[in-house]
Amino acid sequence: MSTNSNFEQPTVVMGCQCALVSAGYLAIFAVAYRLLTSIWNIVGPYVLFSPIDLKKRAGAGWAVVTGATDGIGKAYAFELARRGFNVFLVSRTQSKLDETKKEILEKYQNIEIRTYSYDFTNAAVSGYQDLLAELNQVEIGVLINNVGLSYEYPEVLHKVDGGIERLANITTINTLPPTLLSAGILPQMVERKAGVIVNVGSSAGANQMTLWAVYSATKKYVSWLSGILRKEYESHGITIQTIAPMMVATKMSKVKKTSFFTPNGEQFVKSALNTIGNAADTTGYISHQLQLEVMDLIPEFIRDKILTNMSFGTRKAALRKREREAKSQ
Ligand SMILES: NC(=O)c1ccc[n+]([C@@H]2O[C@H](COP(=O)([O-])OP(=O)(O)OC[C@H]3O[C@@H](n4cnc5c(N)ncnc54)[C@H](OP(=O)(O)O)[C@@H]3O)[C@@H](O)[C@H]2O)c1
Ligand SMILES: *[C@@H]1O[C@H](CO)[C@@H](O)[C@H](O)[C@H]1NC(C)=O
Ligand SMILES: *[C@@H]1O[C@H](CO)[C@@H](O)[C@H](O)[C@H]1NC(C)=O
């Protein structure tokens, strides 16, 4: 009996140490893995890998870009034209479409441009059917689901500028185009066993952003949809990418000054296009990826505090600006 317990005691202590040591190694391994993944997400697509042959991956000569008359979408249209794609511009305002078409053709003569004006606040299926009938006249190798709408400024749901009409517009514009245009164009891509779809989400979809509820939630929808479509269509030879930018200097962001962390549309898209085929879900720009990876290392409850503080700060500044403008009128 006593020999038995003498014999057993050290084993229990050893067992305990062994578990602690294993847990320690596991923790170190988990942290190392997390850090290496972060570094890989930055260095892989933005430093190491060379761009793929987009023409080959696309398998057809036309690129469709929504929201193609400004900001990021316009930059996608220009960059795809530069790479020799014919471009189908889809946006709300015909005069801006004509202007963009002219600008692109002045720079790149050996391609074709078509335009279609569609107001994406229009959720009618018949509207989409007409648009798709027109788009499917050409062989589409690339679809850039870029069009999007955000808040005027961050605000709690029931006080959002523009009220429920704005909320409906944001929900419709941010979710229907990637859903219905993908569904309507995939058949010809599946038939060719080639094609590229880029869905432009936002880093706002990566967190539950206070004062951005509908924008953040619709962008989460985009990344979720895009991720599932990737699984559904990768065996059909189709590349589906999610691009979730941080701040880009465009009309939407109301930022005019570019900086290390805030590229303009052209700078952003030159980088983002080179990540197709090299990153399935990425921010599109190296300094954005750096920001994202650092944010992801911060524990969620602290990150939430930081983001909420930023949202309230942005709202405060926007309301102050409004007041000033109202006074000066
Ligand atoms: N800028 C950023 O910091 C940022 C960050 C993360 C994600 N994003 C995402 O990137 C995408 C592009 O944003 P952006 O900053 O380039 O936007 P932007 O500068 O505001 O450009 C928006 C484009 O979409 C068109 N558009 C707007 N409302 C439309 C409607 N109802 N129907 C049809 N077309 C419409 C505009 O055409 P009209 O001029 O004719 O209205 C314009 O061509 C969006 O999905 C956005 O959520 C942007
Ligand atoms: C919503 O979209 C409709 C149709 O384009 C437009 O007339 C209206 O001004 C928009 N409302 C808001 C608040 O953005
Ligand atoms: C954000 O945090 C800073 C520093 O703690 C604080 O001074 C500021 O008032 C906060 N802003 C808002 C809008 O809560």
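**Entry 1: ligand 2**

I started with the shell around ligand 2 and found that its residues divide into three polar, three charged and no nonpolar, with Asp, Glu, Lys and Arg taken as charged, Ala, Val, Leu, Ile, Met, Phe, Trp, Tyr, Cys and Pro as nonpolar, and the others, Gly among them, as polar. The model is a predicted one, in which local features need pLDDT of at least 70 and side-chain atom pairs count only at pLDDT 80 or more, while totals for chains, interfaces and linings use all residues. Residues are numbered from 1 along each chain as its sequence is written, chains are lettered from A and ligands numbered from 1 in the order in which they are written, and side-chain values use heavy atoms, with hydrogens and water left out.

I listed D119, T121, G162, E165, R166 and N169 as the residues that surround ligand 2 (near means a heavy atom within 4 Å). For polar contacts (pairs of N or O atoms within 3.5 Å; within protein, one must be able to donate a hydrogen and the other to accept it, and residues adjacent in sequence count only if both atoms are side-chain atoms), I noted that a polar side-chain atom of N169 lies 2.4 Å from an oxygen atom of ligand 2. The side chain of D119 places an N or O atom 2.8 Å from an oxygen atom of the ligand, and a polar side-chain atom of T121 is 2.9 Å from an oxygen atom of ligand 2. On its own ligand 2 exposes 360 Å², of which the protein buries 56% (Shrake-Rupley areas with a 1.4 Å probe; for residues, only the protein chains shown count as cover).

**Entry 2: ligand 1**

I then turned to ligand 1, which has 31 residues around it, the closest being T69, R92, T93, K96 and T250. This shell is made up of 13 nonpolar, twelve polar and six charged residues, and both α3 (71-82) and α7 (213-233) supply at least two of its members (helices, H or I, of at least four residues and strands, E, of at least two are DSSP runs numbered from the N terminus).

From the backbone, an N or O atom of D70 lies 3.2 Å from an oxygen atom of ligand 1, and a polar backbone atom of N146 is 2.7 Å from an oxygen atom of the ligand. The protein covers 93% of the 890 Å² of accessible area that ligand 1 has on its own.

**Entry 3: ligand 3**

Around ligand 3 I found N309, F312 and G313, and the side chain of N309 has an N or O atom 2.2 Å from an oxygen atom of this ligand.

I traced an open sheet of seven strands in the order β3-β2-β1-β4-β5-β6-β7, with parallel pairing (two strands pair if DSSP finds at least two bridges between them). β3 (113-117) and β7 stand at the edges with a single partner strand each, so one side of each is left without a neighbour in the sheet. Strand β2 (residues 86-91) runs parallel to β3 and is joined to it by five bridges; V90 stands opposite Y116 in β3.

**Entry 4: pocket and cavity**

Points are joined across faces, edges and corners, and a volume is the space filled by probe spheres set on them.

The second largest pocket has a volume of about 560 Å³ and is lined by 28 residues, with T242, A244, D281, T282 and L292 nearest its centre. Two or more lining residues come from each of α1 (2-48), α7, β7 (281-282) and α9 (286-297), and α7 gives the largest share, six residues. I sorted this lining into ten nonpolar, 13 polar and five charged residues.

The largest cavity holds about 50 Å³ of space. Its lining divides into five nonpolar, four polar and one charged residue, with N146, P177 and K219 among them. α6 (163-192), β5 (195-200) and α7 each supply at least two lining residues, and α6 gives the most, with three.

Notes:
On a 1 Å grid over the protein atoms alone, a cavity is a set of points where a 1.4 Å probe fits but cannot get out, and a pocket is an open set with protein on both sides within 12 Å along at least five of seven lines; lining residues have an atom within 4 Å of a point.
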